[in-house]
Amino acid sequence: MNRLDGHRILVTGAASGIGQATVLRLLAEGAAVVGADIAPDGLEKTRLKAQEAGADARLTALLMDVGDESSVVDGVKSALKTLDGLDSVVNAAGILRAAHTHEMSLAAWNQILTVNLTGTFLVVREALPALLRNSRSAIVNFSSTSATFAHPYMAAYAASKGGIQAMTHALALEYGRQGLRAVCVAPGSIKSGITDTTGGYLPSDSDWSLFGRLTPILPTSLEASGAGMADPSVVAGVVAMLVSDDGAFISGTEIRIDGGTHA
Ligand SMILES: NC(=O)c1ccc[n+]([C@@H]2O[C@H](COP(=O)([O-])OP(=O)(O)OC[C@H]3O[C@@H](n4cnc5c(N)ncnc54)[C@H](O)[C@@H]3O)[C@@H](O)[C@H]2O)c1
């Protein structure tokens with residue numbers, strides 16, 4: 001008996017990194033999953049990995065832009081139809097852009113807030129009626145260590161993640177009596193599309209000494225290369241626990257998964 005047999009789960013950001021690893025972990029534990037993303041190539045890679053694991057029959061790929069209201073309305077409706085209901089939502093879709101705050105354009109600020117914060121809200125709003133039809137359901141939102149610990153040049157990203165944390169606490173109280181749990185994970189130093197490309201977004205005159213506090217204390221899979229990044233599966237396993245009955249008494253909080261960086 002798998003822990004997530006019979007669970008129906010929508011995962012955004014399913015084409016890469018932590019979202020992809022989460023899809024594969026949820027499938028491995030028995031869930032039926034709709035994996036949504038804006039990146040069709042990445043979604044196909046996720047499908048191939050699921051196929052290698054013999055679990056692709058329980059995975060449906062969905063093209064959905066979480067920053068676009070009509071795309072989310074249509075996408076969640078399609079996911080509900082595919083899964084015939086919904087037990088959990090995992091909002092992993094996100095983007096990171098970095099800049100000196102005094103040089104950040106309003107367009108860049110709005111883009112980050114739209115995808116990360118408003119996108120999470122839109123998916124939650126559209127999924128809530130279906131989630132509340134169950135006596136037990138869960139929302140796992142993606143915060144970041146940047147929501148509570150200083151990360152240079154990432155004011156917009158940090159603000160979006162802080163907003164997600166605050167929204168998640170509100171959801172936990174508002175719907176808790178109806179059996180809905182709302183939890184955040186707050187990853188840090190996980191190898192993914194975001195961390196592979198962060199360097200390219202940082203200002204060319206970045207003060208690298210400001211990043212000295214952002215190093216895990218635990219050994220990571222890529223320590224030998226000096227990258228100090230962990231595999232996305234370290235987050236996926238925590239998400240699987242949170243949507244399962246093992247997380248039944250966890251709500252309105254965040255779980256930091258950063259190798260002890262901010263211990
Ligand atoms: N990697 C880390 O160390 C780290 C740390 C803190 C938080 N996070 C969060 O983890 C989540 C997953 O990111 P990741 O690190 O795996 O990066 P990633 O870039 O590998 O994955 C992000 C995914 O989100 C998708 N996406 C972006 N915009 C979208 C949109 N508008 N609609 C739908 N999908 C969209 C991308 O196509 C991509 O597949 C993000 O919310 C990120 O902020 C990651």
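Since the model is predicted, local features need pLDDT of at least 70 and side-chain atom pairs count only at pLDDT 80 or more, while totals for chains, interfaces and linings use all residues. Residues are numbered from 1 along each chain as its sequence is written, and side-chain values use heavy atoms, with hydrogens and water left out.

Start with the ligand. The shell around the ligand holds 30 residues, and Ser16, Ile18, Asp37, Tyr157 and Ser192 come nearest; a residue belongs here if one of its heavy atoms lies within 4 Å of the ligand. By residue class, the shell divides into 15 nonpolar, 12 polar and 3 charged. Helices H1 (17-28), H5 (155-175) and H6 (193-201) each put at least two residues into the shell, and the largest share, 3 residues, comes from H6. Helices (H or I, at least four residues) and strands (E, at least two) are DSSP runs, numbered from the N terminus.

The side chain of serine 16 has an N or O atom 2.5 Å from a ligand oxygen, and a polar side-chain atom of serine 192 sits 2.6 Å from an oxygen atom of the ligand. Serine 189 takes part through its backbone, with a polar atom 3.3 Å from a ligand oxygen. On its own the ligand has 820 Å² of accessible area, and the protein covers 93% of that. Accessible areas come from the Shrake-Rupley method with a 1.4 Å probe, and for residues only the protein chains shown count as cover.

Serine 189 counts as buried because its relative accessibility is 17%; buried means under 20% relative accessible area, exposed over 50%, and partly exposed in between (1.4 Å probe, protein chains only). Tyrosine 153 also has a positive phi, near 65°. It lies in the loop between strand S5 (137-142) and H5 and, at 12% relative accessibility, counts as buried.

Next come the cores. A nonpolar core is a set of buried Ala, Val, Leu, Ile, Met, Phe, Trp, Tyr and Cys residues joined through side-chain atoms within 4.5 Å. In soluble globular proteins, nonpolar side chains tend to be buried together. The largest core here has 42 residues, of which Leu10, Met64, Leu86, Val123 and Leu171 touch the most other members. Strand S2 (32-37), helix H3 (69-83), helix H4 (106-131), H5 and strand S6 (180-187) each supply at least two residues of this core, and H4 gives the most, with 10 residues. Leaving aside neighbours within four places in sequence, leucine 171 is in contact (heavy atoms within 4.5 Å) with Val124, Leu128, Ile139, Asn141, Gly176 and Ala182. A second, separate core of 30 residues includes Ala15, Ala31, Ile190 and Val239.

Threonine 12, in strand S1 (residues 8-12), is buried, with a relative accessible area of 1%. Its side chain reaches the backbone nitrogen of alanine 92 at 3.0 Å, and beyond four places in sequence its contacts include Gly19, Ala36, Met64 and Val123. Threonine 22, in helix H1, is buried too, at a relative accessible area of 0%. Threonine 22 touches Val90, Ala236 and Val239, not counting residues up to four places away in sequence.

Finally, two loop residues. Leucine 132, between H4 and S5, counts as partly exposed because its relative accessibility is 24%. Apart from neighbours within four places in sequence, leucine 132 is in contact with Tyr175, Gln178 and Leu180. Serine 105, in the loop between strand S4 (88-91) and H4, is partly exposed at 38% relative accessibility. Serine 105 and valine 23 are 82 residues apart in sequence, and their C-alpha atoms are 34 Å apart in space.

How values were computed. A polar contact is a pair of N or O atoms within 3.5 Å; within protein, one must be able to donate a hydrogen and the other to accept it, and residues adjacent in sequence count only if both atoms are side-chain atoms. Ala, Val, Leu, Ile, Met, Phe, Trp, Tyr, Cys and Pro count as nonpolar, Asp, Glu, Lys and Arg as charged, and the others, Gly among them, as polar.
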